[in-house]
Amino acid sequence: LNFVESGGGLVQPGGSLTLSCTTDGFLLEYYALGWFRQAPGAAIEGVACVSSAGKISYYDRLGSTSSVKGRFTISRDTDENTAYLQISDLRPEDAGEYLCAAAIPGECTASPDVYTIWGEGTQVTVSS
């Protein structure tokens, strides 16, 4: 069981992109689906999650003045069995490897420890 992420790349500050995460191994709708970010030299951190019930949560980096709320949008397409993370107004601090992960039972948490299925990630670079 694994994911395939795509959509990363080099984006200028203020730009936008959409990451996607799909699998043919299981149905996403029964899992909590989280997006995580890992910056170079930093611990992996939760960014957003959609629970199996469709409840959406966003997580800010502790101490950060750059909130993801209003800039990040997580969604799930059950027909396509794909999850998305739309990011707008990209900032340098948003850069990193973005990974999607699934957890069951399907409740969201920012902790990566409860997620058991992981993708390999897609790199997001923010630079002018």
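These questions and answers cover disulfides, one serine and aromatic pairs in a predicted model.

Trainee: How many disulfides does the structure hold?
Mentor: C21 and C100 form a disulfide. C49 and C108 form a disulfide too. The count for the structure is 2.

Trainee: Is the disulfide of C21 and C100 right-handed or left-handed?
Mentor: The sulfur atoms of C21 and C100 are 1.9 Å apart. The torsion about their S-S bond is about 75°, so the disulfide is right-handed.

Trainee: How many residues apart in sequence are the parts that C21 and C100 tie together?
Mentor: Both C21 and C100 are buried. The two sulfur atoms are 1.9 Å apart. C21 lies in strand β3 and C100 in strand β9, so the pair ties together parts whose separation in sequence is 79 residues.

Trainee: Is the link of C49 and C108 right-handed or left-handed?
Mentor: The sulfur atoms of C49 and C108 are 1.9 Å apart. The angle about the S-S bond is -80°. That link is left-handed.

Trainee: Where does C108 lie?
Mentor: C49 has 0% relative accessibility and counts as buried. C108 has a relative accessible area of 22% and is partly exposed. C49 lies in strand β5, while C108 lies in the loop between β9 and β10.

Trainee: What is the pairing of the bonded cysteines, numbered in sequence order?
Mentor: C21 bonds with C100. C49 bonds with C108. In sequence order the pairing is 1-3, 2-4.

Trainee: Which side chain is joined to that of S20 by a polar contact of 2.7 Å?
Mentor: S20 is found in strand β3. At 16% relative accessibility, S20 counts as buried. Beyond its neighbours within four places in sequence, S20 is in contact with residues including V4, W35 and Y84. The polar contact of 2.7 Å joins its side chain to that of S6.

Trainee: Is the pair of F36 and W118 tilted or edge-to-face?
Mentor: The search of the whole structure finds 5 aromatic pairs. In this one, the ring centres of F36 and W118 are 5.0 Å apart. Their planes are at 50°, so the pair is tilted.

Trainee: How many residues apart are F36 and W118?
Mentor: F36 is buried, with a relative accessible area of 1%. W118 is partly exposed at 26%. F36 is in strand β4 and W118 in strand β10, and the separation is 82 residues.

Trainee: Which residues do ring pairs link into a cluster?
Mentor: The structure has 5 aromatic pairs. Ring pairs build a cluster from F3, F26 and Y31.

Methods
Residues are numbered from 1 along each chain as its sequence is written. This is a predicted model: local features need pLDDT of at least 70, side-chain atom pairs count only at pLDDT 80 or more; totals for chains, interfaces and linings use all residues. Side-chain values use heavy atoms; hydrogens and water are left out. A disulfide is a pair of cysteine sulfur atoms within 2.5 Å. Helices (H or I, at least four residues) and strands (E, at least two) are DSSP runs, numbered from the N terminus. Buried means under 20% relative accessible area, exposed over 50%, partly exposed in between (1.4 Å probe, protein chains only). A polar contact is a pair of N or O atoms within 3.5 Å; within protein, one must be able to donate a hydrogen and the other to accept it, and residues adjacent in sequence count only if both atoms are side-chain atoms. Contact means heavy atoms within 4.5 Å. Rings of Phe, Tyr and Trp (its six-membered ring) pair if their centres lie within 6.5 Å; planes under 30 degrees apart count as stacked, over 60 as edge-to-face and the rest as tilted.
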